[in-house]
Amino acid sequence: MDSYMDSFNATLSRMPALEHRIAERPGEFRILTGDRPTGLLHLGHYFGTLRERVRLQDAGVDTFVLVADYQVITDREHAAGVTRHVHEAIVDYLAAGLDPARSTVFVHSAVPELNQLMLPFLSLVTEAELHRNPTVKSELAASGRALSGLLLTYPVHQAADILFCKGNLVPVGKDQLPHIEQTRVIARRFNERYAAVFPEPEALVNETPELPGLDGRKMSKSYGNAIQLAMSADETAQAVRRARTDSERLITFDPERRPGVSALLTTASVCTGRTPEELAAEIGDGGSAVLKRITTEAVNEFLAAHRRRRAEIAADPAYVVQVLRAGNARAREIADATLTEVRRAMGMVYEGGQ
Ligand code: TRP
(Lines give C-alpha, C1' and ligand atoms only; values in the text may rest on other atoms or scores of the structure.)
Protein backbone atom coordinates (compact mmCIF):
# COMPACT_ATOMS: atom_id res chain seq x y z
CA MET A 1 0.00 0.00 0.00
CA ASP A 2 2.94 2.33 0.63
CA SER A 3 4.10 2.19 -2.94
CA TYR A 4 0.48 2.89 -3.87
CA MET A 5 0.52 6.10 -1.76
CA ASP A 6 3.97 7.00 -3.10
CA SER A 7 2.74 6.77 -6.64
CA PHE A 8 -0.32 8.86 -5.72
CA ASN A 9 1.88 11.53 -4.17
CA ALA A 10 4.22 11.45 -7.15
CA THR A 11 1.23 11.89 -9.46
CA LEU A 12 -0.07 14.76 -7.32
CA SER A 13 3.26 16.53 -7.43
CA ARG A 14 3.13 16.51 -11.24
CA MET A 15 -0.27 18.22 -11.35
CA PRO A 16 0.73 21.90 -11.32
CA ALA A 17 3.02 21.43 -14.34
CA LEU A 18 0.38 19.37 -16.12
CA GLU A 19 -2.33 21.97 -15.42
CA HIS A 20 0.01 24.58 -16.82
CA ARG A 21 0.49 22.61 -20.05
CA ILE A 22 -3.27 22.14 -20.38
CA ALA A 23 -3.93 25.86 -19.94
CA GLU A 24 -1.21 26.75 -22.48
CA ARG A 25 -2.02 24.16 -25.14
CA PRO A 26 -5.44 22.55 -24.57
CA GLY A 27 -5.51 21.32 -28.18
CA GLU A 28 -2.69 18.85 -27.47
CA PHE A 29 -4.85 16.86 -25.09
CA ARG A 30 -7.64 14.37 -25.47
CA ILE A 31 -9.46 13.30 -22.33
CA LEU A 32 -11.09 9.94 -21.91
CA THR A 33 -12.87 9.25 -18.67
CA GLY A 34 -15.98 7.44 -17.56
CA ASP A 35 -18.40 6.06 -15.03
CA ARG A 36 -19.66 2.61 -14.28
CA PRO A 37 -23.48 2.79 -14.55
CA THR A 38 -24.23 0.78 -11.41
CA GLY A 39 -26.55 3.42 -9.95
CA LEU A 40 -27.50 7.08 -10.10
CA LEU A 41 -24.79 9.72 -9.96
CA HIS A 42 -24.50 11.50 -6.63
CA LEU A 43 -23.03 14.59 -5.05
CA GLY A 44 -19.65 12.87 -4.69
CA HIS A 45 -19.51 12.40 -8.47
CA TYR A 46 -20.47 16.03 -8.97
CA PHE A 47 -17.57 17.38 -6.91
CA GLY A 48 -15.17 14.57 -7.79
CA THR A 49 -15.51 14.35 -11.56
CA LEU A 50 -18.49 15.99 -13.29
CA ARG A 51 -17.40 19.53 -12.54
CA GLU A 52 -13.85 18.70 -13.55
CA ARG A 53 -14.86 17.33 -16.96
CA VAL A 54 -16.87 20.43 -17.76
CA ARG A 55 -13.96 22.63 -16.68
CA LEU A 56 -11.61 20.81 -19.07
CA GLN A 57 -14.12 20.79 -21.92
CA ASP A 58 -14.56 24.54 -21.47
CA ALA A 59 -10.78 24.98 -21.45
CA GLY A 60 -10.78 23.58 -25.00
CA VAL A 61 -9.70 19.97 -24.38
CA ASP A 62 -11.26 17.34 -26.66
CA THR A 63 -13.42 15.35 -24.22
CA PHE A 64 -14.67 11.75 -24.36
CA VAL A 65 -16.96 10.42 -21.63
CA LEU A 66 -17.67 6.70 -21.51
CA VAL A 67 -20.63 5.18 -19.73
CA ALA A 68 -18.84 1.91 -19.07
CA ASP A 69 -21.71 -0.55 -19.31
CA TYR A 70 -19.60 -3.70 -19.70
CA GLN A 71 -17.83 -2.79 -16.45
CA VAL A 72 -21.10 -3.24 -14.55
CA ILE A 73 -20.69 -7.03 -14.72
CA THR A 74 -17.12 -7.08 -13.42
CA ASP A 75 -18.18 -7.68 -9.82
CA ARG A 76 -21.85 -8.64 -10.06
CA GLU A 77 -23.94 -11.12 -11.96
CA HIS A 78 -26.49 -8.89 -13.65
CA ALA A 79 -26.62 -5.48 -15.20
CA ALA A 80 -29.99 -4.82 -13.57
CA GLY A 81 -31.23 -1.29 -14.15
CA VAL A 82 -28.41 -0.49 -16.56
CA THR A 83 -30.73 1.04 -19.20
CA ARG A 84 -32.03 3.56 -16.70
CA HIS A 85 -28.64 4.24 -15.18
CA VAL A 86 -27.08 4.97 -18.58
CA HIS A 87 -29.93 7.32 -19.44
CA GLU A 88 -29.78 9.14 -16.10
CA ALA A 89 -26.00 9.47 -16.27
CA ILE A 90 -26.26 11.22 -19.63
CA VAL A 91 -28.98 13.51 -18.27
CA ASP A 92 -26.62 14.47 -15.43
CA TYR A 93 -23.69 15.05 -17.81
CA LEU A 94 -25.76 17.39 -19.94
CA ALA A 95 -27.24 19.17 -16.92
CA ALA A 96 -23.74 19.66 -15.49
CA GLY A 97 -22.67 21.40 -18.71
CA LEU A 98 -21.18 18.76 -21.00
CA ASP A 99 -21.88 20.00 -24.50
CA PRO A 100 -22.45 17.26 -27.10
CA ALA A 101 -21.03 19.57 -29.78
CA ARG A 102 -17.67 19.49 -27.98
CA SER A 103 -17.79 16.25 -25.97
CA THR A 104 -18.40 12.67 -27.08
CA VAL A 105 -20.61 10.54 -24.83
CA PHE A 106 -20.79 6.81 -25.60
CA VAL A 107 -21.20 3.29 -24.18
CA HIS A 108 -18.91 0.23 -24.40
CA SER A 109 -21.48 -2.11 -25.86
CA ALA A 110 -22.08 0.07 -28.93
CA VAL A 111 -18.41 0.14 -29.97
CA PRO A 112 -17.31 -3.39 -30.98
CA GLU A 113 -13.94 -2.22 -32.34
CA LEU A 114 -13.01 -0.85 -28.91
CA ASN A 115 -13.81 -4.18 -27.31
CA GLN A 116 -11.77 -6.05 -29.92
CA LEU A 117 -8.63 -4.16 -28.88
CA MET A 118 -8.75 -6.17 -25.67
CA LEU A 119 -7.46 -9.24 -27.56
CA PRO A 120 -4.02 -7.97 -28.58
CA PHE A 121 -3.80 -6.04 -25.29
CA LEU A 122 -4.34 -9.21 -23.24
CA SER A 123 -1.32 -10.71 -24.96
CA LEU A 124 0.83 -7.89 -23.57
CA VAL A 125 0.21 -8.54 -19.87
CA THR A 126 0.96 -11.41 -17.53
CA GLU A 127 -1.41 -13.10 -15.16
CA ALA A 128 0.88 -12.21 -12.21
CA GLU A 129 0.70 -8.53 -13.15
CA LEU A 130 -3.09 -8.66 -13.22
CA HIS A 131 -3.25 -10.35 -9.82
CA ARG A 132 -1.18 -7.57 -8.26
CA ASN A 133 -3.63 -4.73 -9.13
CA PRO A 134 -4.70 -3.30 -5.72
CA THR A 135 -8.02 -1.94 -7.01
CA VAL A 136 -8.99 -5.32 -8.47
CA LYS A 137 -8.05 -6.92 -5.14
CA SER A 138 -10.26 -4.62 -3.10
CA GLU A 139 -13.15 -4.91 -5.57
CA LEU A 140 -12.82 -8.68 -5.39
CA ALA A 141 -12.92 -8.59 -1.57
CA ALA A 142 -15.96 -6.27 -1.58
CA SER A 143 -17.83 -8.42 -4.11
CA GLY A 144 -17.86 -11.49 -1.90
CA ARG A 145 -17.70 -13.61 -5.05
CA ALA A 146 -15.15 -15.75 -6.84
CA LEU A 147 -12.72 -13.86 -9.09
CA SER A 148 -14.21 -13.83 -12.58
CA GLY A 149 -12.06 -13.64 -15.69
CA LEU A 150 -13.58 -10.27 -16.41
CA LEU A 151 -12.85 -8.78 -12.98
CA LEU A 152 -9.24 -9.94 -13.29
CA THR A 153 -8.80 -8.52 -16.78
CA TYR A 154 -10.97 -5.42 -16.77
CA PRO A 155 -7.99 -3.08 -16.30
CA VAL A 156 -6.90 -4.30 -19.76
CA HIS A 157 -10.37 -3.50 -21.06
CA GLN A 158 -10.04 -0.08 -19.47
CA ALA A 159 -6.77 0.36 -21.37
CA ALA A 160 -8.79 -0.24 -24.54
CA ASP A 161 -11.27 2.43 -23.35
CA ILE A 162 -8.49 4.95 -23.10
CA LEU A 163 -6.31 3.97 -26.03
CA PHE A 164 -8.94 3.39 -28.73
CA CYS A 165 -9.24 7.18 -29.08
CA LYS A 166 -5.59 7.77 -28.19
CA GLY A 167 -6.63 9.58 -25.03
CA ASN A 168 -3.57 11.10 -23.39
CA LEU A 169 -5.18 12.56 -20.28
CA VAL A 170 -7.41 10.67 -17.84
CA PRO A 171 -9.11 12.60 -15.03
CA VAL A 172 -9.74 10.03 -12.30
CA GLY A 173 -9.95 9.37 -8.60
CA LYS A 174 -6.90 7.86 -6.93
CA ASP A 175 -8.36 4.33 -6.85
CA GLN A 176 -8.01 4.35 -10.64
CA LEU A 177 -4.26 5.03 -10.73
CA PRO A 178 -3.27 1.34 -10.99
CA HIS A 179 -5.40 1.11 -14.14
CA ILE A 180 -3.72 4.14 -15.69
CA GLU A 181 -0.33 2.62 -14.90
CA GLN A 182 -1.44 -0.65 -16.55
CA THR A 183 -2.62 1.33 -19.58
CA ARG A 184 0.78 3.02 -19.90
CA VAL A 185 2.52 -0.35 -19.74
CA ILE A 186 0.25 -1.76 -22.45
CA ALA A 187 0.78 1.27 -24.71
CA ARG A 188 4.55 1.06 -24.25
CA ARG A 189 4.71 -2.67 -24.91
CA PHE A 190 2.52 -2.42 -28.01
CA ASN A 191 4.63 0.40 -29.40
CA GLU A 192 7.85 -1.52 -28.74
CA ARG A 193 6.61 -4.81 -30.11
CA TYR A 194 4.83 -3.53 -33.24
CA ALA A 195 4.84 0.15 -34.12
CA ALA A 196 4.39 3.51 -32.41
CA VAL A 197 0.59 3.66 -32.36
CA PHE A 198 -0.38 4.77 -28.84
CA PRO A 199 0.36 7.67 -26.49
CA GLU A 200 1.20 6.88 -22.84
CA PRO A 201 -1.70 8.59 -21.08
CA GLU A 202 -1.28 10.65 -17.94
CA ALA A 203 -3.63 10.64 -14.97
CA LEU A 204 -5.13 13.92 -13.88
CA VAL A 205 -6.06 13.75 -10.20
CA ASN A 206 -7.44 16.55 -8.12
CA GLU A 207 -6.74 17.25 -4.50
CA THR A 208 -10.34 17.80 -3.49
CA PRO A 209 -10.81 15.27 -0.69
CA GLU A 210 -13.45 12.66 -1.35
CA LEU A 211 -16.89 13.75 -0.16
CA PRO A 212 -18.04 11.30 2.55
CA GLY A 213 -21.50 9.76 2.55
CA LEU A 214 -24.09 10.89 5.09
CA ASP A 215 -22.74 8.41 7.66
CA GLY A 216 -19.09 9.35 7.23
CA ARG A 217 -18.21 6.26 5.17
CA LYS A 218 -17.38 6.43 1.46
CA MET A 219 -20.39 7.82 -0.44
CA SER A 220 -21.86 4.87 -2.25
CA LYS A 221 -25.22 3.76 -3.49
CA SER A 222 -24.73 0.37 -1.87
CA TYR A 223 -24.40 1.95 1.60
CA GLY A 224 -27.58 3.99 1.11
CA ASN A 225 -25.67 7.09 2.27
CA ALA A 226 -25.62 9.08 -0.96
CA ILE A 227 -27.38 12.25 -2.03
CA GLN A 228 -28.25 11.58 -5.64
CA LEU A 229 -28.31 14.46 -8.08
CA ALA A 230 -31.72 13.30 -9.27
CA MET A 231 -33.35 13.52 -5.82
CA SER A 232 -36.01 16.16 -5.24
CA ALA A 233 -35.58 18.74 -2.48
CA ASP A 234 -37.95 16.69 -0.29
CA GLU A 235 -36.11 13.45 -0.91
CA THR A 236 -32.89 15.24 0.01
CA ALA A 237 -34.45 16.46 3.26
CA GLN A 238 -35.56 12.90 4.05
CA ALA A 239 -32.12 11.45 3.34
CA VAL A 240 -30.46 14.03 5.58
CA ARG A 241 -33.08 13.49 8.29
CA ARG A 242 -32.31 9.75 8.30
CA ALA A 243 -28.57 10.39 8.69
CA ARG A 244 -27.14 9.07 11.96
CA THR A 245 -25.67 11.84 14.12
CA ASP A 246 -25.26 11.86 17.93
CA SER A 247 -26.93 13.45 20.92
CA GLU A 248 -24.28 16.03 21.83
CA ARG A 249 -25.91 19.41 21.37
CA LEU A 250 -22.72 21.33 20.72
CA ILE A 251 -21.81 20.80 17.08
CA THR A 252 -18.10 20.36 16.40
CA PHE A 253 -16.08 19.18 13.41
CA ASP A 254 -14.37 15.99 14.51
CA PRO A 255 -14.36 13.33 11.75
CA GLU A 256 -12.65 10.70 13.96
CA ARG A 257 -14.97 10.87 16.94
CA ARG A 258 -18.13 12.22 15.32
CA PRO A 259 -18.27 10.78 11.77
CA GLY A 260 -21.98 11.43 11.22
CA VAL A 261 -21.98 15.05 12.42
CA SER A 262 -18.75 15.77 10.55
CA ALA A 263 -20.02 14.23 7.30
CA LEU A 264 -22.99 16.61 7.36
CA LEU A 265 -20.69 19.56 8.06
CA THR A 266 -18.44 18.54 5.15
CA THR A 267 -21.44 18.22 2.85
CA ALA A 268 -22.74 21.67 3.81
CA SER A 269 -19.20 23.01 3.47
CA VAL A 270 -18.61 21.86 -0.13
CA CYS A 271 -22.03 23.20 -1.13
CA THR A 272 -21.54 26.64 0.44
CA GLY A 273 -17.78 27.12 0.04
CA ARG A 274 -17.47 27.78 3.77
CA THR A 275 -15.29 25.72 6.13
CA PRO A 276 -16.84 22.97 8.28
CA GLU A 277 -15.40 24.63 11.40
CA GLU A 278 -17.05 27.93 10.56
CA LEU A 279 -20.40 26.21 10.02
CA ALA A 280 -20.02 24.25 13.27
CA ALA A 281 -19.30 27.45 15.21
CA GLU A 282 -22.37 29.08 13.72
CA ILE A 283 -24.63 26.16 14.65
CA GLY A 284 -23.11 26.12 18.14
CA ASP A 285 -25.37 24.22 20.54
CA GLY A 286 -28.25 24.03 18.07
CA GLY A 287 -27.76 20.24 17.95
CA SER A 288 -28.51 17.81 15.15
CA ALA A 289 -31.80 19.43 14.20
CA VAL A 290 -30.17 22.72 13.21
CA LEU A 291 -27.24 20.90 11.61
CA LYS A 292 -29.62 18.90 9.44
CA ARG A 293 -31.65 21.93 8.46
CA ILE A 294 -28.52 23.84 7.45
CA THR A 295 -27.18 20.84 5.49
CA THR A 296 -30.45 20.27 3.65
CA GLU A 297 -30.70 23.94 2.70
CA ALA A 298 -27.08 24.03 1.53
CA VAL A 299 -27.48 20.96 -0.70
CA ASN A 300 -30.85 21.98 -2.11
CA GLU A 301 -29.67 25.47 -2.88
CA PHE A 302 -26.47 24.24 -4.49
CA LEU A 303 -28.25 21.64 -6.64
CA ALA A 304 -31.30 23.74 -7.56
CA ALA A 305 -29.95 24.89 -10.94
CA HIS A 306 -28.59 21.44 -11.81
CA ARG A 307 -31.92 19.85 -10.92
CA ARG A 308 -33.87 22.40 -12.94
CA ARG A 309 -31.71 21.67 -16.00
CA ARG A 310 -31.87 17.92 -15.50
CA ALA A 311 -35.69 18.06 -15.33
CA GLU A 312 -35.80 19.99 -18.61
CA ILE A 313 -33.47 17.52 -20.30
CA ALA A 314 -35.27 14.49 -18.88
CA ALA A 315 -38.51 15.84 -20.34
CA ASP A 316 -37.05 15.21 -23.81
CA PRO A 317 -35.84 11.59 -23.78
CA ALA A 318 -35.49 11.54 -27.57
CA TYR A 319 -32.80 14.22 -27.27
CA VAL A 320 -30.85 12.11 -24.77
CA VAL A 321 -31.05 9.12 -27.12
CA GLN A 322 -29.84 11.28 -29.97
CA VAL A 323 -26.84 12.53 -27.96
CA LEU A 324 -25.85 8.94 -27.22
CA ARG A 325 -26.41 7.79 -30.79
CA ALA A 326 -24.19 10.56 -32.16
CA GLY A 327 -21.53 9.88 -29.49
CA ASN A 328 -21.55 6.15 -30.24
CA ALA A 329 -21.19 6.82 -33.97
CA ARG A 330 -18.22 9.12 -33.46
CA ALA A 331 -16.54 6.72 -31.01
CA ARG A 332 -17.07 3.86 -33.45
CA GLU A 333 -15.52 5.72 -36.35
CA ILE A 334 -12.42 6.44 -34.27
CA ALA A 335 -12.27 2.90 -32.86
CA ASP A 336 -12.48 1.47 -36.37
CA ALA A 337 -9.57 3.63 -37.56
CA THR A 338 -7.45 2.67 -34.54
CA LEU A 339 -8.23 -1.03 -34.93
CA THR A 340 -7.18 -0.87 -38.58
CA GLU A 341 -3.93 0.77 -37.52
CA VAL A 342 -3.41 -1.93 -34.91
CA ARG A 343 -4.10 -4.76 -37.35
CA ARG A 344 -1.75 -3.19 -39.86
CA ALA A 345 0.99 -2.83 -37.22
CA MET A 346 0.49 -6.50 -36.36
CA GLY A 347 0.52 -7.61 -40.00
CA MET A 348 -3.11 -8.68 -39.90
CA VAL A 349 -4.60 -6.82 -42.86
CA TYR A 350 -5.33 -9.31 -45.64
CA GLU A 351 -7.78 -7.62 -47.96
CA GLY A 352 -5.15 -5.42 -49.59
CA GLY A 353 -5.53 -1.62 -49.46
CA GLN A 354 -7.46 -0.45 -46.39
N1 TRP B 1 -13.38 2.18 -13.64
C2 TRP B 1 -13.91 3.53 -13.60
C3 TRP B 1 -14.66 3.71 -12.28
O4 TRP B 1 -15.06 2.74 -11.67
C5 TRP B 1 -14.84 3.83 -14.77
C6 TRP B 1 -14.12 3.76 -16.09
C7 TRP B 1 -14.31 2.85 -17.07
C8 TRP B 1 -13.07 4.63 -16.53
N9 TRP B 1 -13.47 3.08 -18.12
C10 TRP B 1 -12.68 4.17 -17.82
C11 TRP B 1 -12.42 5.74 -15.98
C12 TRP B 1 -11.67 4.78 -18.54
C13 TRP B 1 -11.39 6.34 -16.70
C14 TRP B 1 -11.01 5.86 -17.98
O15 TRP B 1 -14.85 4.83 -11.88
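In this predicted model, Arg25 has a relative accessible area of 40% and is therefore partly exposed. Its partner in a salt bridge is Glu28, and the closest N and O atoms of the two are 3.1 Å apart. Glu28 likewise counts as partly exposed, because its relative accessibility is 49%. The general principle behind such a contact is that side chains of opposite charge can pair when their charged atoms come close.

Strand S3, residues 103-107, runs parallel to S2, and five bridges join the two. Here Val67 has Val107 in S3 as its bridge partner.

Is strand S2 largely enclosed by the rest of the structure, or largely open? Of the six residues in S2, residues 62-67, five are buried, so the strand is largely enclosed by the rest of the structure. A residue is called buried when its relative accessible area is under 20%.

The discussion now returns to salt bridges, of which the structure holds 28. One of them joins Glu248 to Arg258, with the closest N and O atoms 3.7 Å apart. Both residues lie in the loop between helix H10 (233-242) and helix H11 (259-272), so the pair ties together parts that are ten residues apart in sequence. Glu248 has a relative accessibility of 36% and therefore counts as partly exposed. Arg258, by contrast, counts as buried, because its relative accessibility is 1%. This pair also belongs to a network of salt bridges that links Asp246, Glu248, Asp254, Arg257 and Arg258.

A further salt bridge is formed where the side chains of Arg274 and Glu282 meet, at 2.6 Å from N to O. With a relative accessible area of 27%, Arg274 is partly exposed. Glu282 counts as exposed, because its relative accessibility is 51% and the term applies to values over 50%.

Note on methods: Residues numbered from 1 in each chain as written. Predicted model: local features only at pLDDT ≥ 70, side-chain atom pairs only at ≥ 80, totals over all residues. Heavy atoms only, no water. Buried < 20%, exposed > 50% of the residue type's maximum accessible area, 1.4 Å probe, protein only. Helix = DSSP H or I, 4+ residues; strand = E, 2+ residues; numbered from the N terminus. Pairing = 2+ DSSP bridges. Salt bridge = Lys/Arg side-chain N within 4 Å of Asp/Glu carboxyl O.
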